[in-house]
Amino acid sequence: MLKPSLTNFADFIEKPKPVKVKTKFEIQKDINLYMNLALFLIIVVGVVILYLRGKTKEERKQKGTEKITKLHGYMKDYMDEQMINSMLNQQNNNVHTNIR
């Protein structure tokens, strides 16, 4: 008959992995890397926005000038029409008052 042998169950248990403790310098180094990347992306986005604004500057000026010219023409026509209507009303009122 076979005799059972004793086993050491400690051999079957996984030993915990050693925890590597980071120093404050290593933690700060990691944070600085992420901060530098974030600031770099913010600067790149800002430069792209400024480039696009500069590229369309003349077009925006031209559209603005065109809108102002149209508004000026509209106001001039409106004022002319108002002046003509008020003059006609005054003449009509003068004619009516002279008849009575």
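This report walks through the fold, the charges and the surface patches of a predicted model.

## Ground rules

Since we're looking at a prediction, local features need pLDDT of at least 70 and side-chain atom pairs count only at pLDDT 80 or more, while totals for chains, interfaces and linings use all residues. Numbering starts from 1 along each chain as its sequence is written, and side-chain values use heavy atoms, with hydrogens and water left out.

## Overall shape

You're looking at a protein chain with two helices and zero strands. The radius of gyration (taken over C-alpha atoms) is 43 Å, well over the 13 Å that the globule rule gives for 100 residues, so the chain is more spread out than a compact globule. That rule is 2.2 Å times the number of residues to the power 0.38. Along the principal axes, the C-alpha atoms fill a box of roughly 145 × 35 × 30 Å.

Helices here are DSSP runs of H or I with at least four residues, strands are runs of E with at least two, and numbering goes from the N terminus. Helix H1 covers residues 24-55, and helix H2 covers residues 57-99.

## What the surface looks like

Buried residues make up 0% of the 100 residues in the chain. For these labels, buried means under 20% relative accessible area, exposed means over 50%, and partly exposed is in between (1.4 Å probe, protein chains only). The accessible surface comes to about 10,900 Å², and 65% of that belongs to carbon and sulfur atoms. Those areas come from the Shrake-Rupley method with a 1.4 Å probe; for residues, only the protein chains shown count as cover.

## Charges and salt bridges

The chain carries 17 positive and 10 negative side chains, with the centres of the two sets 7 Å apart. Lys and Arg count as positive, Asp and Glu as negative, and His and the chain ends are not counted. Each charge is placed at NZ of Lys, CZ of Arg, CG of Asp or CD of Glu.

There are three salt bridges, each a side-chain nitrogen of Lys or Arg within 4 Å of a carboxyl oxygen of Asp or Glu. One joins Asp 30 to Lys 22 at 3.1 Å, N to O. Asp 30 is partly exposed at 32% relative accessibility, and Lys 22 is partly exposed at 47%.

In helix H2, Glu 59 and Lys 63 sit four residues apart, about one turn of the helix, and their side chains meet in a salt bridge at 3.6 Å, N to O. Both ends are partly exposed: Glu 59 has 44% relative accessibility and Lys 63 has 48%. Glu 66 and Lys 70 are also four residues apart in H2, about one helical turn, and they pair at 3.6 Å, N to O. Here Glu 66 is partly exposed at 44%, whereas Lys 70 counts as exposed at 58%.

## Two surface patches

Patches are built from residues with over 30% relative accessible area and no salt bridge, joining like charges within 9 Å and nonpolar side chains (Val, Leu, Ile, Met, Phe, Trp, Tyr) within 5 Å. The positive patch gathers Arg 53, Lys 57, Arg 60 and Lys 61. Its largest share, three residues, comes from H2. Lys 61 lies in that helix and is partly exposed at 48% relative accessibility.

The nonpolar patch is made of Phe 40, Leu 41, Val 44, Val 48, Tyr 51 and Leu 52, with about 610 Å² of accessible area together. Tyr 51 belongs to helix H1 and counts as exposed, at 55% relative accessibility.
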